[in-house]
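Biologist: I am new to this structure and would be grateful for a guided introduction. May I put some questions to you?

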Amino acid sequence: MTLPPSAPASLPALGVLPLSQGNVDRGCERRTDPEWLPGLMADAATRVVALVKGNAPVADGALVLHSPAGLPQPQTLVYLGAAEGQEFVAAAWDEVPDALAGEGDWLGLRDVAAGLPARDAALFVEAVAIVNWHATHTHCPRCGAPTVPVQSGWVRSCTADGSLHFPRTDPAIIVAVTDDADRLLLGANAQWGGKRYSTLAGFVEPGESLEAAVVREVAEESGIAVTGAQYAGSQPWPFPCSLMLGFTARASGTEAVPDGEEIVDLRWFTRAELAADVEEGRLSVPAGLSIASALIEQWYGGPLPEPRVLGN
């Protein structure tokens, strides 16, 4: 087991996270034109991000992008925006069309986003998020009538009363809680089987500030009162429609009691304790795209050690 050369006394901002990359101009002023999206689909220079059940074709570490020419009519079509001098749309089907068969490996966002170029990661996360919204908001919440996409796929209009419905994003806080000894509080969620520990998180409720949500969620899940909530960074989490807002906070006490429903165990970790437990395989922590991983690594001072391979 090795510790980072210098463990930080405080947690700096998280910086750019894997799903918060890229700079796509979403063209809000263009997509309201009813002729904009049909015009792009008639232009062979347009690039299509193809999706089938949340997966996209990937080859040589990049998205495989297509011309709209020769593609069948998709179930969902959305204008994504412009980047690097090109226009992009997302097109989703229930099954891989024959025209796209053999075009790279069809992989999910979690599988590849960390290794994609910034532009491709940004397009992929945008496409998955907006297509997920279309799949789950097919009817009007006011009268129950079917809705249809308008404004290049960024709004749905009720076919009965004409009301407009916009994409939903659910804000959720996630917080690295430390005590006066700079130990980190991690909890084991019941859904993870009790051996995977992570930072505490929860959805922001109506009429609630982010800072208030930090205090409430930590108290609900651990019984710990926290102060000094500090924003650290954010990233979309389109599984299906969340925005994760990372915070740090200081605990006023250390007597942690799991709620027994979501959280089945809570532990305070020193850096040495967490590194040893991960390395010996006694527990696991989030890795990869997760903002929880970024929060834990910021506290730790770098990447945690890999689990030791048996026999070594």
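Predicted model: local features only at pLDDT ≥ 70, side-chain atom pairs only at ≥ 80, totals over all residues.

Biologist: Is threonine 76 buried or exposed?

Modeller: A residue counts as buried when its relative accessible area is under 20%. For threonine 76 the relative accessible area is 15%, so the residue is buried.

Biologist: Which residues is threonine 76 in contact with, leaving aside its neighbours within four places in sequence?

Modeller: Beyond its neighbours within four places in sequence, its contacts are Ala90, Ala91, Ala92, Val131 and His134.

Biologist: Which residues does valine 285 touch, not counting residues up to four places away in sequence?

Modeller: Valine 285 is among the residues of the largest nonpolar core that touch the most other members. Once residues up to four places away in sequence are set aside, valine 285 touches Leu186, Arg196, Tyr197, Leu274, Val278, Ile296 and Leu304.

Biologist: Which are the edge strands of the open sheet of 3 strands?

Modeller: The order in this sheet is S7-S8-S9, with antiparallel pairing. An edge strand here pairs on one side only. That holds for strand S7 (147–150) and strand S9 (164–165).

Biologist: Which residue in the turn between S7 and S8 has a positive phi?

Modeller: S7 and strand S8 (residues 155–158) run antiparallel and are joined by 4 bridges. Valine 150 has valine 155 in S8 as its bridge partner. The two strands form a hairpin with 4 residues between them, and the residue in the turn with a positive phi, of about 50 degrees, is glutamine 151.

Biologist: Which strand gives the largest share of the lining of the largest pocket?

Modeller: The largest pocket holds about 770 Å³ of space. Its lining has 28 residues, with Ile174, Trp192, Ala201, Trp237 and Met244 lying nearest its centre. By class, the lining comprises 15 nonpolar, 9 polar and 4 charged residues. The largest share, 4 residues, comes from strand S13.

Biologist: Which element gives the most to the lining of the second largest pocket?

Modeller: This pocket has a volume of about 380 Å³, and of its 23 lining residues Arg26, Val125, Glu126, Ala129 and Pro236 lie nearest its centre. At least two residues of the lining come from each of H3, S14 and S15. With 6 residues, the element that gives the most is H3.

Technical notes. Residues numbered from 1 in each chain as written. Heavy atoms only, no water. Core = buried A, V, L, I, M, F, W, Y, C linked by side-chain atoms within 4.5 Å. Buried < 20%, exposed > 50% of the residue type's maximum accessible area, 1.4 Å probe, protein only. Contact = heavy atoms within 4.5 Å. Pairing = 2+ DSSP bridges. 1 Å grid on protein atoms, 1.4 Å probe; cavity = no way out; pocket = protein on both sides within 12 Å on 5 of 7 lines; lining within 4 Å. Points joined across faces, edges and corners; volume = space filled by probe spheres on them. Nonpolar A, V, L, I, M, F, W, Y, C, P; charged D, E, K, R; others polar.
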